[in-house]
Amino acid sequence: MEGVKRLESWIKFKSFIILLRPRQWIKNLFLFAALLFSKNIDKPSYVVTSFYAFLCFCMISSTVYIFNDICDIEKDRRHPRKSKRPLAAGIISRREAKISMIILFPAAVILSFMLDYGFGFIVMAYLMNNVMYTLYVKNLVILDVMSIALGFILRVSGGAVVIGVAISPWLLLCTFLLALFLGFSKRRNELLVLQEDATSHRRILDCYSLDFIDNMLSIVTASTLISYSMYTFYASDNKHSMVTILFVLYGIFRYQYIVYNKKMGESPEEIVLTDKPLIVDIMLWILTS
């Protein structure tokens, strides 16, 4: 009996970890962009502050994911992949999920305001943007993807504010366009994977078509590459950073290859964590930068 209880406890613990969606935390790494491009990555105090800010975004984003799972529990049960999530599968109850939110939310808010008041308000703005997305904006065509992109802008802005450096408009533009690229790629994959059941899971998919999304991706891809190239050219007097354009170019093309040929665009974090050529490309971009 003890062995069975230990196994049940382990499954429960593991399900709570999955509920937090730690794989999604990779998106919060955008917070370190300001630390890298402001050339403060060699300052321990800045690195530590940025790490605490990263933890804040991880906690608040997990709060948002739990809230989203509670709201979409019935739709998730009809999804081929999301039906395995702890809430949809019935491993964790709604009450337990709500208790997790009650713990995470104040911890994230208190720590963020302790770090910096401006950063605290950005974290609250991120929360409000995601709540609005879950309750309303996710049903508005184009604005749903723009709302997702805004979340990335807030991450980058938070990373700059918490260490007290100026926010480069070029960096914000590149981040916004890259996030649009990821968002439209996600919508494209959802249309392909869910097919006839697409609208029953996500009503907004009825407003999208593969042709429309492909056109948007063409525009956003070109805009992202041009903006990043202009950023490396005008952001500083040192033009050596233009070398990193090669890695960005390959990374975007590799991601498109995975989206179109392997049909994996629904989960950007899974691609980044599992595709070896893309992992190597990102590491080379970081080192070169």
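Helices here are DSSP runs of H or I with at least four residues, strands are E runs of at least two, and both are numbered from the N terminus. Good morning, colleagues. The structure before you is a predicted model, in which local features need pLDDT of at least 70, side-chain atom pairs count only at pLDDT 80 or more, and totals for chains, interfaces and linings use all residues. Residues are numbered from 1 along each chain as its sequence is written, and side-chain values use heavy atoms, with hydrogens and water left out.

I begin with the overall fold. The protein chain contains 14 helices and zero strands. Its radius of gyration, taken over C-alpha atoms, is 20 Å, close to the 19 Å that the globule rule gives for 289 residues, so the chain is as compact as a globular protein of that length. That rule is 2.2 Å times the number of residues to the power 0.38. Along its principal axes, the C-alpha trace spans about 65 × 45 × 35 Å.

I turn now to the interior. Buried residues, meaning those under 20% relative accessible area with a 1.4 Å probe and protein chains only (exposed is over 50%, partly exposed in between), make up 45% of the 289 residues. A nonpolar core is a set of buried Ala, Val, Leu, Ile, Met, Phe, Trp, Tyr and Cys residues joined through side-chain atoms within 4.5 Å. The largest such core has 31 residues, and Phe181 and Tyr255 are among those with the most contacts inside it. Helix 8 (143-163), helix 9 (169-194), helix 11 (210-234) and helix 12 (245-262) each supply at least two of its residues. Which helix gives the most to this core? It is helix 9, with nine residues.

Contact means heavy atoms within 4.5 Å. Leaving aside neighbours within four places in sequence, Phe181 is in contact with residues including Leu217, Ile252 and Tyr255. A second, separate core of 19 residues includes Ala108, Phe119, Leu154 and Ile163.

Is Ala160 buried or exposed? Its relative accessible area is 1%, so Ala160 is buried. Not counting residues up to four places away in sequence, Ala160 touches Ala34, Val165 and Ile167. Ala160 and Ser38 are 122 residues apart in sequence, yet 8.7 Å apart in space, C-alpha to C-alpha.

Finally, a residue with another setting. Ile11 is found in helix 1 (residues 2-19). At 39% relative accessibility, Ile11 counts as partly exposed. Thank you for your attention.
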